[in-house]
Amino acid sequence: MVDLMRKWVFLAVFFGLSVLVGGMAWFQFKAKPEMMRGIMSSIPKPVSGVAVEEAREEIWTPRVSVIGTFKAVPGIDVSGQVAGMVAEIAFANGQDVAKGALLARIDDSTEQAELRSNAAMLKNAELAFQRQQMLTDHGVAAKSNFDLANAVRDQAAGALDRTRALIAQKTIVAPFAGRLGIRKVDVGQYVAAGAPLVSLQQLDPIFLDFQVPEQNFAALALGGKVSARVDALGGGEFAGKIGNFDARVDRDTRTILVRAEIANPDKKIMPGMFANVTLDAGAPQKMVTAPRTAVAFSLYGDSVFVVRPDDAEKGFDGPLHVERRNVSIGESREDRVVLKQGVAAGDKIVSQGQIKLQPNAAVRIETGLALRPQAVRPLQ
């Protein structure tokens, strides 16, 4: 009898605990979420103010952007062919000179003396030749004497020409028109043959060398337009054209050396300057573009927020929300970037205020949030 009573008590307690646990589980997983959803639905959703701009279709010519370096062609270090003491410097540092202008003179006093001596020997040899020629014409001299006089005269003329050539080699002139650099020698200094005296650079036109990837080879054409932006000159842009490109592809970098010609009448561009180079790489194409500020960049992909109306009938005059869309980024120019996929022309994209947004967040369009571009500053 006692055992039976214990069983009934145990069953009653077990049943009571089961009902209690089941009730608590029902409240926790069923009733409570329903209550929270009801409470949350009664609270109005926060609405974020955002700036919006439409993605638009534009016609862009594909471009290739690379880095280039300016080079003077011709550009050399002027040097002498023979050694000697610098007797005269006829230029100033940074001077613009014409072709053939005197730059420096190596001491040629010894050669000048030899020149006078050889000139006298040539004069004497010429007189002896004329006498032998007259005697030979009258038949009173041997032909061998005439031939010897002729050889002596030619030898004297050769010695005179050699001396003049040595003097010319010691007179250093500009081989082409250009701008001189800073001189590297002084008067009275001994210089060896081939030692540089001063640099000479032709600055107008100036050439621009840059490397183009192999896959853009089809875009290269002689006379093709090139634009170069020089940061050293305040970001100024200079237009030019492709003058030539290499006959081979570099095996290590898989690039092609291209040389463009840039007009430089003011001679502001100097050899060795760095430039951002842009050249056309195909026919114009229709592309969907958006502001750069609209794109959120991350390790998991690039995305934009597109504004959509909650009510199709009311459209953008009614309540609005945002959709996050993954996009593929293309070329960028100034403040706009190409969106290859994910967005269509006419979509309203959040351009400011997206940092506080989540997918499906309620938004309102505010025109005062849009950033204004900075005023263009004049070149220094």
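Mentor: Gly240 counts as buried because its relative accessible area is 18%, and buried means under 20% (exposed is over 50%, partly exposed in between, with a 1.4 Å probe and protein chains only). This is a predicted model, in which local features need pLDDT of at least 70, side-chain atom pairs need 80 or more, and totals for chains, interfaces and linings use all residues. Residues are numbered from 1 along each chain as its sequence is written, and side-chain values use heavy atoms, without hydrogens or water.

Gly240 sits in strand 14, residues 236-245. Strands (E, at least two residues) and helices (H or I, at least four) are DSSP runs numbered from the N terminus. Leaving out residues up to four places away in sequence, Gly240 touches Gly224, Lys225, Val226, Glu261 and Ile262; contact means heavy atoms within 4.5 Å. Ala260 is 20 residues from Gly240 in sequence, yet their C-alpha atoms are 6.5 Å apart.

Glu111 belongs to helix 2, residues 109-138, and is buried at 12% relative accessibility. Beyond its neighbours within four places in sequence, Glu111 contacts Thr163, Leu166, Ile167 and Lys170. With Lys170 there is also a side-chain polar contact of 3.1 Å (a pair of N or O atoms within 3.5 Å, one able to donate a hydrogen and the other to accept it within protein; residues adjacent in sequence count only if both atoms are side-chain atoms).

Finally, four strands make an open antiparallel sheet in the order 8-7-5-10. Strand 8 (171-173) and strand 10 (190-191) each have a single partner strand, so one side of each lacks a neighbour in the sheet. Strand 7, residues 102-106, pairs with strand 8 over three bridges, pairing being at least two bridges found by DSSP. Arg105 lies opposite Thr171 of strand 8.
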